[in-house]
Amino acid sequence: MKKLIYLMILSSFFAEQLFAVDMHVFQLSIYKITLLLLTFLITSIYLLKPDSVKIFPDGKSRKIVLFYFFWLFWAIISLAWVYDYKPWFRTVYAIASGVLVIIYLTMFLKNKKDFIAAFNIVQIMLIMHNIIGWYEIFTGDYRFLDSEKLDYYMMVDVAGRNPVSMLGNTNDFALLISMGAFISFICFKNSNNMLWKLISLGTIVSSIVLLIRTDSRANILGFIIAMGVFVLLYFFKAKNIKNFVLIGVCLSILALYPTFLGSIYDILSQKLQFGFVASTGSSMEIRINLMKNGFLFLAQTLGFGTGAGNIEYWMAHKGIFYTRNIINIHNWWMELLVGYGIIVFAGYLWMYIKIARDFYTACSQIKDKFIQSVSLGLLCCMIEFVLGSISSSSNIQTQWLWIFWGLVIAMYYYIDIVTRQRSEDKLSNR
């Protein structure tokens with residue numbers, strides 16, 4: 001069963017059309033096949049031995065999983081007020097698949113060995129995307145890109161080419177590699193193999209350089225903030241004087257070479273211009289107008305939301321503010337709020353903050369190197385996602401992201417179990 005879990009993790013990072021069977025109605029990919037097979041096997045086991053399958057975990061994780069079920073339930077009943085049924089069905093299917101992924105990863109990732117194997121698989125796929133990204137930059141050959149986008153990416157020279165890999169656009173690619181850099185840190189910290197450690201470090205450096213090449217402003221800014229948190233938690237909480245010496249050396253280099261510091265400032269100022277210009281229909285103005293329309297829709301639906309997958313319909317037919325015919329809201333947080341309403345959005349924020357807070361506690365207080373490193377890495381991923389998620393048009397159907405959240409919740413469950421066991425051991429030893 002675990003081999004199927006690992007295959008599901010691996011296949012989620014492939015383009016959906018790769019190695020897929022065209023069923024006319026949808027693409028039957030390896031990821032979907034493994035998910036269906038796991039569902040069939042687990043359902044069969046449950047029917048034969050109901051007590052052997054635990055859908056809802058114990059402890060703090062139970063409320064997290066219950067929230068996802070509530071989100072799915074709300075998406076399903078929104079059928080009562082949606083206008084466009086096809087995107088509703090696609091979105092409900094995506095959420096249902098994601099909920100299953102979360103349940104299965106929480107169910108089968110039980111110990112340190114399981115998690116390290118899962119993170120190593122993620123890093124292998126991250127390396128693959130890094131290699132494809134560099135191949136695209138040096139050759140201009142975008143093998144996985146839709147034909148209508150080829151001209152945009154292939155007309156520029158090597159210095160200006162943006163990596164895309166199998167993700168469809170630079171923003172989605174940037175989200176993957178910026179979060180993936182922290183997964184590589186987890187692999188680095190939890191490997192005893194020197195070669196794998198070096199590969200992990202190389203992947204981190206490569207991912208950062210490729211992130212800059214994407215020009216994805218939100219992801220670059222999100223990564224900078226996440227790195228700031230990483231430095232504060234990883235170095236400054238440590239008692240080892242060598243860490244402080246390392247920071248002192250880095251600061252000294254910046255002080256001795258102000259031109260280097262100036263170059264960094266120039267890069268960031270160019271990358272992070274969010275389009276506050278006076279021209280009509282600028283990128284920032286369009287995004288603001290999309291949000292204005294979203295708040296208008298939320299008010300018109302009395303806070304219940306437009307329903308699963310129906311923001312685009314409302315934007316196309318009921319939008320008031322000018323969006324240059326762009327109907328996707330291009331903001332994950334607004335997609336949650338406008339699409340599913342205030343209740344689901346508030347629940348999602350509660351869940352997000354709760355997990356992030358407990359990861360912070362784990363990485364700063366629990367005396368376990370594995371838990372510390374994984375909690376820190378996943379916390380930084382979550383911090384990056386807050387900003388990085390607004391760069392993509394939508395994240396609801398992104399398969400690898402559901403795998404990521406499954407790993408987050410499974411790890412959250414694991415930490416809870418370890419903490420409770422240690423508390424019980426202390427009480428029994430008194």
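## Burial and cysteines

A residue is called buried at under 20% relative accessible area, exposed at over 50%, and partly exposed in between, using a 1.4 Å probe and protein chains only. Cys-187 counts as buried because its relative accessibility is 3%. The model you are looking at is predicted, so local features need pLDDT of at least 70 and side-chain atom pairs count only at pLDDT 80 or more, while totals for chains, interfaces and linings use all residues. Residues are numbered from 1 along each chain as its sequence is written, and side-chain values use heavy atoms, leaving out hydrogens and water.

With a disulfide taken as a pair of cysteine sulfur atoms within 2.5 Å, the count comes to zero. Cys-381 is in no disulfide, and its nearest cysteine sulfur, on Cys-380, lies 7.4 Å away. At 0% relative accessibility, Cys-381 counts as buried.

## The nonpolar core

Let's turn to the core. A nonpolar core here is a set of buried Ala, Val, Leu, Ile, Met, Phe, Trp, Tyr and Cys residues joined through side-chain atoms within 4.5 Å. The largest one has 123 residues, and Tyr-68, Trp-71 and Tyr-348 have the most contacts inside it. Helix 14 (residues 332-365) gives the largest share of this core, 17 residues; helices are DSSP runs of H or I with at least four residues, numbered from the N terminus.

Which residues does Tyr-348 touch? Not counting residues up to four places away in sequence, its partners include Phe-67, Tyr-68, Trp-71, Trp-333, Phe-385 and Trp-405, with contact meaning heavy atoms within 4.5 Å.

Notes: Helix = DSSP H or I, 4+ residues; strand = E, 2+ residues; numbered from the N terminus.
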